[in-house]
Each structure stands twice: as structure tokens, then as C-alpha cells.
Amino acid sequence: MMSRKWMGALLVGLLAGGLRAQTTDDLIKEFSGATKAVERTPDALGEAYGKAIDQLIAPLNGEAMDDRSVNARSASQGTLQTIVLRTARPGAEVERAAMEKALLSRLTQPGVYACVWLLRQLQWIGAAPSVP
């Protein structure tokens, strides 16, 4: 009798742990290829890419030029570029299109440096419709 309760509790715990919401850091790791990809609809994929982009471009808009700020900007740029280039691999057209849409929707955000970096990423994956 006791073992059934423990087994049930263990099963509930495992399911709850496996169903937890992904943090933005989890998304960045997934999109960088560090962890296994989760299947998503194209709209959900675009939304997830948007969350990752938002976190990664935040350091790009900083005005500070101290070592910590420069290193944070450099790390964000590299990570974003890794994710973008990963969407350009063969067979990842849905991912590429979702990333392109997410990048285009963030071009209106303040911060010239961030917008320039987003445009540079669009050079790698942008299709003809992204050029007005």
C-alpha cells in the first residue's frame, strides 16, 4: 500500500518537473543547440525566438563602455549570431522564417546599435519579403 503512494508521488513529481515552463535562458540554450529542441508550432516558435532576442539585445543598447558592459555586449552578439545562423541550416526553413519574422518585428525598438546588429543578422537569413 505504501509503495503505491510513493510511486504515485514519484510519477506526479516527474511529470510536474518535465512540464515546467522554459525560462528565457533555457530557450537560449535550446536555440544555441546546447540542449534538445522542443517541438513548437511556427507561431510558438516565433514567440520563443522573440523572448530570446529580447534578452540578448538588451545589453546591446547599453551606453557604458567598461569591461563588463563590453563583454556582455560581445557575448550577447555572439549568442544571437549562433542562434540565427543555426536557423539557416538545411531543413530548418520553418525555424528560419520564424526567426526572420522575430528579427523584423524588433527593428523598431530603441537603440541604434541593437537595430544595426539585428539587420546584420537578417543579412544571413533574410528572404526577399524582408526587404521593403
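Close-up A. The model is predicted: local features need pLDDT of at least 70, side-chain atom pairs count only at pLDDT 80 or more, and totals for chains, interfaces and linings use all residues. Residues are numbered from 1 along each chain as its sequence is written, and side-chain values use heavy atoms, with hydrogens and water left out. Helices are DSSP runs (H or I, at least four residues), numbered from the N terminus. The axes of helix 4 and helix 6 come within 10 Å and cross at roughly 25 degrees. Helix 4 is therefore roughly parallel to helix 6 (angle under 35 degrees). Axes are lines fitted to C-alpha atoms over the stretch in contact, and angles run from 0 to 180 degrees between N-to-C directions.

**Close-up B. Side chains where helix 4 meets helix 6**. Helix 4 brings Arg73, Gln77, Leu80, Gln81, Val84 and Leu85. Helix 6 answers with Tyr113, Trp117, Leu118, Gln121, Trp124 and Ile125. Contact means heavy atoms within 4.5 Å. By class, this contact has 8 nonpolar, 3 polar and 1 charged residues.

**Close-up C. Helix 5 against helix 6**. Helix 5 (residues 93–105) and helix 6 (residues 112–125) pack at about 155 degrees, with axes 10 Å apart. The two are therefore roughly antiparallel (angle over 145 degrees). Arg96, Met99, Glu100, Leu103 and Leu104 in helix 5 meet Leu118, Gln121, Leu122 and Ile125 in helix 6. The classes here are 6 nonpolar, 1 polar and 2 charged residues.

**Close-up D. The largest pocket**. Its volume is about 190 Å³. Of its 14 lining residues, Ala37, Val38, Leu45, Tyr49 and Glu95 are the closest to the centre. Helix 2 (24–32), helix 3 (42–57), helix 4 (67–86) and helix 5 each give two or more residues to the lining. By class, the lining has 7 nonpolar, 1 polar and 6 charged residues. A pocket is an open set of points on a 1 Å grid where a 1.4 Å probe fits, with protein on both sides within 12 Å along at least five of seven lines; lining residues have an atom within 4 Å of a point.

**Close-up E. The second largest pocket**. The second largest pocket has a volume of about 150 Å³. Its lining includes Pro42, Asp43, Gly46 and Glu47, along with Ala97, Ala98 and Lys101. Helix 5 gives the most, with 5 residues.

Methods:
Parallel < 35°, antiparallel > 145°, perpendicular 65-115°, else oblique. Nonpolar A, V, L, I, M, F, W, Y, C, P; charged D, E, K, R; others polar. Points joined across faces, edges and corners; volume = space filled by probe spheres on them.
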